[in-house]
Amino acid sequence: MTLGSCEIFEVGPRDGLQNEAREIPVAEKIALVNKLSEAGFSRIECASFVSPKWVPQMAGSGEALAGISRKDGVRYAALTPNMRGYTDAVAARADEIAIFASASEGFSQKNINASIAESLERFAPILEEARHIDLPVRGYVSCVVECPYDGAVSPSAVAEVADKLFAMGCYEVSLGDTIGAGTPDSIARMLLAVRDVVPVGRLAGHYHDTNGRAMANIDASLSLGVRVFDAAVGGLGGCPYAPGASGNVATEAVASHLAALGYDTGLDLDVITQAADMARAMRGGAGFTA
Ligand code: HMG
Ligand code: MG
């Protein structure tokens, strides 16, 4: 018996690798994305056209996108903080892009050097341009429960930013528990507020596993109708501008969990296990021969 389908949006090559201390060769990133392409994902976030001064690990994003073997049916996604990033992402043939805002002012300033309002103004022309070329735009809201700088974040603050991103044209809004502070209760309270303004079918849960509660938070989200979850193979990741942010919830764990619950993810667990091994080797600093 299946409970229907659930999608895992793989973010390891971006959210995972952006925070690694070791300078990871582009060939390793390409090999990881190529392996992930065989696993059955529809969307893989593998690039970020941000300032290399801010996030040096993502500096090779253009090369990475140019080097991967694109598989039919997979959309290769990239983060774009401003028009410059958008132009570079389009030139690199990203299949979709993501803009990223925050529900808290402190994180917005530290992460993208802008207030929430300024960031939304900065994103508006990106959405406008993307609309002209039918490029899907995803929107992130960070710090949906707690901010490492401002403390607790109210569900209404999250709903307000999610509502604006959706109204601006984001086809999906991904809700980031950036520092893994959420509990099933606080995630549920946040989702109830967001669900009032954005259809639940357009929401995704993006939960970091800092405190080991990401899976419980996914369960709480499932019960409220969320069916898309961001995850990173090998539990890679964190955010360089969120002290205490550890890895994303591990794709292999989420895929097994969803399968055990009876959801169909369309993923090949053997391939994901191989990708997770690669990711862990990259994280450990040993790397591998790509
Ligand atoms: P700024 O310093 O205010 O901007 O940064 P600027 O316009 O003054 O530019 C500074 C320098 O960066 C200039 O170079 C620009 O040319 C260059 P210089 O003249 O000094 O040589 N620059 C760029 N270079 C390449 N690509 C670009 C670009 N833009 C400017 N697109 C900025 C503002 C937004 C650029 C900066 O703050 C930035 O890049 N921030 C990104 C931070 C980031 O990537 N954080 C991690 C991703 S978010 C995340 O992980 C959370 C998420 O996973 C969800 C969750 O978990 O909550 C999504
Ligand atoms: Mg994240």
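These notebook entries record what I looked up in a predicted model.

**Conventions**

I treated the model as predicted, so that local features need pLDDT of at least 70, side-chain atom pairs count only at pLDDT 80 or more, and totals for chains, interfaces and linings use all residues. I numbered residues from 1 along each chain as its sequence is written, took chains as lettered from A and ligands as numbered from 1 in the order in which they are written, and used heavy atoms for side-chain values, leaving out hydrogens and water.

**Entry 1**

On the terms: axes are lines fitted to C-alpha atoms, for helices over the stretch in contact, and angles run from 0 to 180 degrees between N-to-C directions. Angles under 35 degrees count as roughly parallel, over 145 as roughly antiparallel, 65 to 115 as roughly perpendicular, and the rest as oblique.

I noted a right-handed crossing of α6 past α7; the term applies if the near helix is turned clockwise from the far one by less than a right angle, and left-handed applies if anticlockwise. From α6, the contact (heavy atoms within 4.5 Å) draws on I116, L120, F123, A124, L127 and R131. From α7, V161, K164, L165 and M168 take part. I recorded the classes as eight nonpolar, no polar and two charged residues. For this count Ala, Val, Leu, Ile, Met, Phe, Trp, Tyr, Cys and Pro are nonpolar, Asp, Glu, Lys and Arg are charged, and the others, Gly among them, are polar. An α-helix has 3.6 residues a turn, so residues three or four places apart point the same way.

**Entry 2: helices α9 and α10**

I then turned to α9 (residues 214–223) and α10 (residues 251–261), which pack at an angle of about 45° with axes 11 Å apart. Therefore α9 is oblique to α10. Their crossing is right-handed. In α9, M215, I218, D219 and L222 meet A253, V254, H257, L258 and L261 of α10. The contact divides into seven nonpolar residues, one polar and one charged.

**Entry 3: α5 and what follows it**

I listed the buried residues of α5 as G106, F107, S108, N111 and I112; buried means under 20% relative accessible area, exposed over 50%, and partly exposed in between, with a 1.4 Å probe and protein chains only. Their cover includes β4, α6, β5 (137–142) and β6 (146–147).

S104 sits in the loop between β4 (96–102) and α5 (105–112). I count S104 as buried because its relative accessibility is 3%. Beyond four places in sequence, S104 touches I116, C143, C147, D150 and V153.

Just after α5, N113 takes a positive phi of about 60°, although N113 is not a glycine. N113 belongs to the loop between α5 and α6.

**Entry 4: D134**

D134, also a residue other than glycine, has a positive phi near 55°. I placed D134 in the loop between α6 and β5. D134 is exposed because its relative accessible area is 70%.

**Entry 5: R14**

I found R14 in helix α1 (residues 12–16). R14 counts as buried because its relative accessibility is 5%. Its side chain makes a polar contact with the side chain of D15 at 3.4 Å. Such a contact is a pair of N or O atoms within 3.5 Å; within protein, one must be able to donate a hydrogen and the other to accept it, and residues adjacent in sequence count only if both atoms are side-chain atoms. Leaving out residues up to four places away in sequence, R14 touches E45, C46, A47, S48, M58, L79, Y140 and H206.

W54 lies in the loop between β2 (43–48) and α3 (61–67). W54 counts as partly exposed because its relative accessibility is 32%. Setting aside neighbours within four places in sequence, W54 is in contact with K110, N111, I112, N113 and Y241.

I located T183 in the loop between β8 (172–177) and α8 (184–195). T183 is partly exposed, with a relative accessible area of 27%. Apart from neighbours within four places in sequence, T183 is in contact with R213 and N217.

Terms used
Helix = DSSP H or I, 4+ residues; strand = E, 2+ residues; numbered from the N terminus.
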